[in-house]
Amino acid sequence: MATRMKMDLLTAVEQIVELAKESQLSKEFFRKADKYIKYVSNKLELTKEQSVMISLFINRSDDDRILIRELSKDVNCSTIRILRYLKDIDELEKKELIRCCRERRCSISYRVPYDVIEAFKRDEKYVPKKCTNLTCVELFGELEEIFELRNDNEITFDAMSQKIHSLLEDNSQLLFTKAIKQYGWEYMEEEMMLLLLFCHLYVNNNDNNVRFHDLDFLYDNKRTWNRVKNQLAGGRHVLLIEDIIEYNNDDGMLDRESFRMTRKAKDEFFPELDLSNRTYNDQRKDIVKCEKIAEKQLFYDKNIQAQIDELSQLLDNVHYQKVHSRMKDSGFRCGFTCLFYGAPGTGKTETVLQLARLTGRDIMQVNISQIKSCWVGESEKNIKGLFDNYRELVKKSVVTPILLFNEADAIINKRMEGAQSAVNKMENSIQNIILQEMENLDGILIATTNLAGNMDKAFERRFLYKIKFERPTLEARMSIWHTMMPTLEEDVILTLATKYDFSGGQIENIARHYAINSILHGQSDNIIKVLFSYCDSERLETNGKKRIGF
């Protein structure tokens, strides 16, 4: 007599996904899967169509960029057929079961939030958390999450505005909320959201130097942002008129592209917060604090290890200060510039993190995509503002921080000769600014790249240290496998390391794939077979594609 399957959300989803293969989402599929679809529908209060769509998304929940065409492949149908379910997918987004990323000039992609996966594991309906009776500190934590979603293009301006208004309504007891509401700007949505963004940047990031590139993610419409930007630069914006923000000063001159909240506004909006004893970079999102970097063992060949050890010794603060002073006294440039180059996944980025941890240095990360504004002229201002911010950070830091240009291929490649288009001229202008800043640097700059062969010679000359990261040897691969999956037998590790010439980043991807699959479906009876399938998939998926260094 067959054992009756115990029904829960993951079981129902698994059966729906299995029956959906090759089904093209036909009527016959819905008939065969009806029992499982009904279970998901009743449990989550969804329609049958929505239940099928969330099942397909859950099946790909280990991917944070799920594309519509990938769902169509899963059920062997045309992309157009999946597009017929877009209204159902939109409803899943409204219920916060999935997140949608609407990147500019890129395809729309989706991801399943971790909290949703956890609810499915518990066989529970996911309910977005209710944020009532929060402290002011907790409210700003929620605001930070909402603005991060907007910055990542995972919610629209209208959705962001709705979430923020609900948050304020649910916490109307706070003095901050009352102070915001007294301006009566409910009908001026753009201005209200900009005000709250300034409050977030000050409280959560301790940012008293807010520039246009810190604000341009807020609005969906470029025309709206252009108008707001002109009002800010021209002194006509309501936040300037109401004395809520003001321009910063640069050697006694007003900088009309740099803003801070006024003392009046800080006193008025934040009486519930103790902000008096914070250091400049305590909570800035572009700062990685050295004490928060997790220790991680890396494996290099002897030549690379020797270079890393030398650089680590140089960046030790005692040695750094000594060398820095002597270089300055001798009339040499006193900035330290380093280039880490090599294949993706060979440990370039993680090496920077571990050097920072070992030498007690914070890292200021550069978001290259944010610097490259779509508005001609803004990018040059952004890059100048970036180095201005780094100089300010160096002045306020006891130990000189590291300025990290991660995956810098797009800005250190060969300059365009005889550039005619506005875009090419802008690219050249950005590179010229960076080259000049590297000449005058008084600090530590590290850049990582996968494509050193295309680097402009002017940049090559300005990097004092250049370290090439090779793919790991067999012995190193075995060590990485053992570190990532310590429960594997030695003979399995040897087989994997011998058969697959993977980088550390690729091995980590496979280990993460296996861990996620184990969480969703339990431990496999045949670990080796599963790992081989992931290895083969990784080898195919990464053929010709770039990956971030591990």
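The model is predicted, so local features need pLDDT of at least 70 and side-chain atom pairs pLDDT 80 or more, while totals for chains, interfaces and linings use all residues. Numbering starts from 1 along each chain as its sequence is written, and side-chain values use heavy atoms, with hydrogens and water left out.

**Exercise 1.** Work out how α1 and α4 are oriented to each other.

Step 1: get the geometry. The two axes (lines fitted to C-alpha atoms over the stretch in contact, with angles from 0 to 180 degrees between N-to-C directions) come within 9 Å and cross at roughly 95°.

Step 2: classify. Angles of 65 to 115 degrees count as roughly perpendicular, under 35 as roughly parallel, over 145 as roughly antiparallel and the rest as oblique. α1 and α4 are therefore roughly perpendicular.

Step 3: find who touches (contact means heavy atoms within 4.5 Å). V13, I16, V17 and A20 of α1 meet V52, S55, L56, I58 and N59 of α4.

**Exercise 2.** Now do the orientation of α17 and α19.

Step 1: α17 (residues 302-315) and α19 (residues 348-359) pack at about 40°, axes 9 Å apart.

Step 2: that pair is therefore oblique.

Step 3: I308, L311, S312 and L315 in α17 meet T351, L355, L358 and T359 in α19.

**Exercise 3.** Which residues of α8 are buried, and what covers them?

Step 1: in α8 (residues 114-121), V116, I117, E118, A119 and F120 are buried, meaning under 20% relative accessible area with a 1.4 Å probe, protein chains only.

Step 2: their cover includes α1 (9-20), α3 (34-44), α4 (48-59) and α27 (504-521).

Note on methods. Buried means under 20% relative accessible area, exposed over 50%, partly exposed in between (1.4 Å probe, protein chains only). Helices (H or I, at least four residues) and strands (E, at least two) are DSSP runs, numbered from the N terminus.
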